[in-house]
Amino acid sequence: MHVIASFNHSIYVEMAITALEEAGIMKENIYAVPLHQRPQKLRMFDSITGSDGTSLFDLGAALATACAVIGSSYGFILTGGPILWGIIGAVTGFLVGFTIDVSRQKKRVIAASNNQKSEVIVLVACVKDEIAPIQEVFWEHLAYGVAICE
């Protein structure tokens with residue numbers, strides 16, 4: 001049987017492994033694998049097969065609508081007429097909203113790439129009677145999750 005746990009790459013992994021060895025688990029039965037971080041930067045735009053749930057179109061569309069209404073209202077006073085000023089307002093509002101969304105998305109991507117931390121997977125081969133103490137050691141040392149494979 002195997003007990004598998006994932007940890008943040010921290011001193012708690014070493015403490016958990018030491019606690020397992022002190023509890024009588026043989027060193028040969030404990031296997032720790034550090035995971036590497038994502039080698040590429042997060043993408044700014046979605047692809048046809050993947051989306052991160054954020055839209056760069058929403059704020060632009062909302063500001064385009066608001067600026068089109070304001071532009072066409074003032075178009076009755078200004079030269080050129082309401083249609084021309086409505087179109088100018090819509091284009092201006094969309095560009096402003098799109099620019100704001102792109103700048104916020106860039107900040108979000110930079111913050112996400114700076115906060116990435118790698119994880120460590122710890123696998124312990126054991127007999128059925130040792131599962132409960134091993135799980136307890138993992139939970140005490142702040143494991144993200146624990147699984148048992150029979």
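**Contacts, core and surface of the predicted model**

Leaving out residues up to four places away in sequence, Asp101 touches Ser55, Leu56, Phe57, Asp58, Leu59 and Gly60, where contact means heavy atoms within 4.5 Å. The structure is a predicted model, in which local features need pLDDT of at least 70 and side-chain atom pairs count only at pLDDT 80 or more, while totals for chains, interfaces and linings use all residues. Residues are numbered from 1 along each chain as its sequence is written, and side-chain values use heavy atoms, with hydrogens and water left out.

Asp101 lies in helix H3; helices (H or I, at least four residues) and strands (E, at least two) are DSSP runs, numbered from the N terminus. With a relative accessible area of 6%, Asp101 is buried. Buried here means under 20% relative accessible area, exposed means over 50%, and partly exposed is in between (1.4 Å probe, protein chains only). Asp101 forms a salt bridge with Arg104, and the closest N and O atoms are 2.9 Å apart. A salt bridge is a side-chain nitrogen of Lys or Arg within 4 Å of a carboxyl oxygen of Asp or Glu; by this rule the count comes to one salt bridge. Side chains of opposite charge can pair when their charged atoms come close. Both Arg104 and Asp101 belong to helix H3 and are three residues apart, about one turn of the helix. Arg104 is partly exposed, at a relative accessible area of 45%.

The largest nonpolar core has 19 residues, and those with the most contacts inside it are Phe7, Leu20, Ile30, Val122, Val124, Ile134 and Phe138. Such a core is a set of buried Ala, Val, Leu, Ile, Met, Phe, Trp, Tyr and Cys residues joined through side-chain atoms within 4.5 Å. At least two residues of this core come from each of strand E1 (2-8), helix H1 (11-22), strand E3 (119-125) and helix H4 (131-140). H1 gives the most, with five residues.

E1 and E3 run antiparallel and are joined by seven bridges; two strands pair if DSSP finds at least two bridges between them. E1 also runs antiparallel to strand E4 (residues 145-149), with five bridges. Ala5 has Val122 as its bridge partner in E3 and Val146 as its bridge partner in E4. Ser6, in strand E1, counts as buried at 13% relative accessibility. Not counting residues up to four places away in sequence, Ser6 touches Glu119, Val120, Ile121, Ala143, Tyr144 and Gly145.

Ala68 lies in helix H2 and counts as buried at 19% relative accessibility. Beyond four places in sequence, its contacts are Gly86, Gly89 and Ala90. Between Ala68 and Phe138 there are 59 Å in space, C-alpha to C-alpha, and the two are 70 residues apart in sequence.

On the surface, Ile70, Tyr74, Phe76, Ile77 and Leu78 form a nonpolar patch with about 610 Å² of accessible area together. Patches are made of residues with over 30% relative accessible area and no salt bridge, like charges being joined within 9 Å and nonpolar side chains (Val, Leu, Ile, Met, Phe, Trp, Tyr) within 5 Å. Accessible areas come from the Shrake-Rupley method with a 1.4 Å probe, and for residues only the protein chains shown count as cover. Leu78 is in the loop between helix H2 (58-75) and helix H3 (81-114), and is partly exposed, with a relative accessible area of 41%.
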